[in-house]
Amino acid sequence: MPEQFRFILPAPPPPADIFATYKIAHEFYREAQARQQHKSYCEWYRQAAESHRQELKTMQGDINLLGWFCRRRNHSSS
């Protein structure tokens, strides 16, 4: 075959094990990404729960105005 036509011919297909390696690497990347997203979500959830616990503690120390008004109204109507 003349040298000038050698570059026109298509390259032979890659061996099948290259695709298997690519698939494994892709699955590993997706698994690592999913685990990182889960870890980030768990950290966000922990922070939100702690914030809500602090808010609840603060609210429990506040005066219950609605209960105070309801009791006041019930006592005056008797």
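This is a predicted model: local features need pLDDT of at least 70, side-chain atom pairs count only at pLDDT 80 or more; totals for chains, interfaces and linings use all residues.
Residues are numbered from 1 along each chain as its sequence is written, and side-chain values use heavy atoms, with hydrogens and water left out.

The chain contains 2 helices and 0 strands. Helices (H or I, at least four residues) and strands (E, at least two) are DSSP runs, numbered from the N terminus. Helix α1 spans residues 16-61, and helix α2 covers residues 65-77. The accessible surface of the chain amounts to about 8,000 Å², and 62% of this surface belongs to carbon and sulfur atoms. Such areas come from the Shrake-Rupley method with a 1.4 Å probe; for residues, only the protein chains shown count as cover. Of the 78 residues, 3% count as buried. In this classification, buried means under 20% relative accessible area, exposed means over 50%, and partly exposed lies in between (1.4 Å probe, protein chains only).

A nonpolar patch on the surface is formed by Ile 63, Leu 65, Trp 68 and Phe 69, which together have about 480 Å² of accessible area. Patches consist of residues with over 30% relative accessible area and no salt bridge; like charges are joined within 9 Å, and nonpolar side chains (Val, Leu, Ile, Met, Phe, Trp, Tyr) within 5 Å.

A pair of aromatic rings is described by the distance of the centres and the angle of the planes. Rings of Phe, Tyr and Trp (its six-membered ring) pair if their centres lie within 6.5 Å; planes under 30 degrees apart count as stacked, those over 60 as edge-to-face and the rest as tilted. The whole structure holds 3 aromatic pairs. One of them joins Tyr 41 and Trp 44 in a tilted arrangement, at 5.8 Å centre to centre and with 35° between the planes. Tyr 41 and Trp 44 are separated by about one helical turn, because they stand 3 residues apart in helix α1. Tyr 41 counts as partly exposed because its relative accessibility is 46%. Trp 44 also pairs with Tyr 45, here edge-to-face, with 6.4 Å between the centres and 65° between the planes.

The search for charged contacts found 3 salt bridges in the whole structure. A salt bridge is a side-chain nitrogen of Lys or Arg within 4 Å of a carboxyl oxygen of Asp or Glu. Glu 31 is bridged to Arg 35, with the closest N and O atoms 2.7 Å apart. These two residues are separated by about one helical turn, because they lie 4 residues apart in helix α1. Glu 31 is partly exposed at 40% relative accessibility, whereas Arg 35 is exposed at 58%.

Glu 43 and Arg 46 form another bridge, in which the closest N and O atoms are 2.7 Å apart. Their spacing of 3 residues in helix α1 again corresponds to about one helical turn. Glu 43 is partly exposed at 36% relative accessibility, and Arg 46 is partly exposed at 47%. Between Arg 53 and Glu 50, the closest N and O atoms of the salt bridge are 3.0 Å apart. Both residues lie in helix α1, 3 residues apart, or about one turn of the helix. Arg 53 is partly exposed at 48%, as is Glu 50 at 32%.

For disulfides, defined as pairs of cysteine sulfur atoms within 2.5 Å, the count is 0. Cys 42 is partly exposed at 37% relative accessibility, and Cys 70 is partly exposed at 30%.
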